[in-house]
Amino acid sequence: MSNMILGRYLPGVSWVHRLDARTKFILSMLFIFVIFMANNIYGYLFATAFVALSIIMTGLGFKVFFNGLKPLAMLMLITTFLQLFFMNTGTVLVHWWIFTITTDGVINSVIVFVRFMLIIMFTTILTLTTPPLEVADAMESLMSPLRKIGVPVSELALMVSIALRFVPTLMDEAQSIMNAQRARGVAFNEGGLIQRAKSYVPLLIPLFVNAIKRAIELGDAMEARGYRDGEHRTKFRVLKYTKIDGVAFAAFFIFAIGLFATRFI
Amino acid sequence: MAITFKNVGFTYQAGTPFATPALYDVNFNIPDHSFTAVIGHTGSGKSTMVQLLDGLELPTDGEITIGSATITAATKRKTLNGMRHDIGMVFQFPEAQLFEQTVLADVMFGPMNYGMSKAEAEIAAKAALALVQMPESSYEASPFDLSGGQMRRVAIAGVIAMEPEILILDEPTAGLDPAGQADLMALFANLQKERDLTVILITHQMEFVGQYADNVLVFDAGSVVKTGTPAEIFADSDWLRQKQLDVPAATQFSDYLEAKGLPLHGALDLDQLADEIVGLIGGPTHE
């Protein structure tokens, strides 16, 4: 349960950690588009170097980033294999039954794999170096223009922050209920599929009951302190662009131009 | 079943950047059929110790012996399931473990997991529910419709119905009113005598330690720093206060009187203190 990498923040003092959450968010999104400019080996080498440099700058080491790939490994492999088998142009290398592997297929699957890996690793920088609540704040700030067309941006952001805030609480609670049921003789992760699924009932029912109770209590507590929705709420955590954000944007801009230039090599 | 901890250490999430040591070099011995109280400041490792005792976590160092079974870092987790059979564990706020549709079914859940037949489990469950003074009319009710205190008692019945030889209680009285606390503690004391159990009680309430325990372990900063009878432990109230612990009110009062020159000997509970004082002024003995 504790090896969930999704949204796991690792504290640090690097430049990347100190970047504004919005900067990291925007750059992550841009990277997904920019990476498609690469169309030859030099482009991918350049992009890989840029991602590697970014990771080094976080000071967290490569290992945690590779661990972040694991949950998505299946998806990456399936996409790669689909490319491998369904690309039918180029010279035929192997032909067996209905499967044909061609040179174009091999090249394309390698490209898809590398691109996928780079995107995941680059976006992992955001989640590993930014506290989840700051990511929520960044989303709120970036979505705020949508308020003009009636989207309840601050309410949505509040929901996201509350949900994020309760993830660790619910994990702890799940752990302690699990212990209590194990002490009463439940063997989790043993036996057949149906037995396994059944063994989770004594965990899930109390967990849901408590989560609903907690939600009601939180609602009461917010009401008791006079919470109401509305504009112009001041913030406890204020996002602020600084010089290093400018540097990051500039560096990314240079990277994008460089990547575009590799198309002409 | 006697319990021995030998040089036991434990680290949460060992081998990750989040590793936090919780216990180190823990050594103690809990005799069979004793009533052992575990006291210590919040975060001193008491709850971690009982998790190791119930095989919910494996020690990172050292050796735990429970009856004839031995647990070390190399023990296979699957073998622990069988071992838990003899150990009943009441967690902090045990009402969180209720999930069945009726009170009776919830109490029968544990015993049936450990191999009792439905009929046997029902008998054990009814006996346990009677013991915690739940009225028969509540057996078919949903546990979620009960009051907090009743939920607590049903959850405890669910552990007692497993008929364990060792009963571990992690702050079982937290959050109850004083009358409910006293009832519950009296129940555990009776149960221990009746069924000849080994009871391990984690508590912050020194009154209960003085009243019921015959053996005390003091935890501080992840290790056992003192063991002894309640009289031995409570004899040095200054030392306890250094560990952010206290002595029972009766002992404190007795200490004050002693400091004023009265020949008293550190009573452990109110009855004992009353007897001693009555003895001093030569009245009829308290009954």
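Domain bounds here come from an automatic or database domain assignment. On that basis chain A is divided into domain 1 (15–131 + 241–262) and domain 2 (153–224), and the centres of domain 1 of chain A and domain 2 of chain A, taken over C-alpha atoms, are separated by 35 Å. The structure is a predicted model, in which local features need pLDDT of at least 70 and side-chain atom pairs count only at pLDDT 80 or more, while totals for chains, interfaces and linings use all residues. Residues are numbered from 1 along each chain as its sequence is written, chains are lettered from A and ligands numbered from 1 in the order in which they are written, and side-chain values use heavy atoms, with hydrogens and water left out.

For chain B the assignment gives domain 1 (3–237) and domain 2 (248–287). Taken over C-alpha atoms, the centres of domain 1 of chain B and domain 2 of chain B lie 33 Å apart. Contact (heavy atoms within 4.5 Å) involves 8 residues of domain 1 of chain B and 6 residues of domain 2 of chain B. The buried area, defined as the accessible area (1.4 Å probe) that two parts lose on being put together, summed over both, is about 520 Å² between these two domains, and carbon and sulfur atoms give 65% of it. Of the area that domain 1 of chain B buries against domain 2 of chain B, 61% is supplied by B:Glu207, B:Gly210 and B:Phe234, more than by any other three residues.

Across this interface of domain 1 of chain B and domain 2 of chain B, 0 salt bridges are found, a salt bridge being a side-chain nitrogen of Lys or Arg within 4 Å of a carboxyl oxygen of Asp or Glu. The rule for polar contact finds 1 residue pair across the interface of domain 1 of chain B and domain 2 of chain B, both at pLDDT 80 or more. A polar contact is a pair of N or O atoms within 3.5 Å; within protein, one must be able to donate a hydrogen and the other to accept it, and residues adjacent in sequence count only if both atoms are side-chain atoms. On the side of domain 1 of chain B that touches domain 2 of chain B, the elements giving two or more residues are helix H7 (206–212) and helix H8 (230–234) of chain B. Helices (H or I, at least four residues) and strands (E, at least two) are DSSP runs, numbered from the N terminus. H7(B) gives the most to this side, with 4 residues.

Between the chains, the contact takes 25 residues from chain B and 20 residues from chain A. Chain B and chain A bury about 1,900 Å² between them, with 58% on carbon and sulfur atoms. B:Phe18, B:Gln97 and B:Phe99 supply 26% of the area that chain B buries against chain A, more than any other three residues. The rule finds 1 salt bridge across the interface of chain B and chain A; B:Asp106 forms a salt bridge with A:Arg184, with the closest N and O atoms 3.1 Å apart. Polar contact is found for 7 residue pairs across the interface of chain B and chain A, both residues at pLDDT 80 or more. Helix H2 (77–83), strand E6 (87–90) and helix H3 (103–113) of chain B each supply at least two residues of the side of chain B that touches chain A.

A:Ala180 is placed in helix H8 (residues 153–183) of chain A. Not counting residues up to four places away in sequence, A:Ala180 touches B:Phe91 and B:Gln97.
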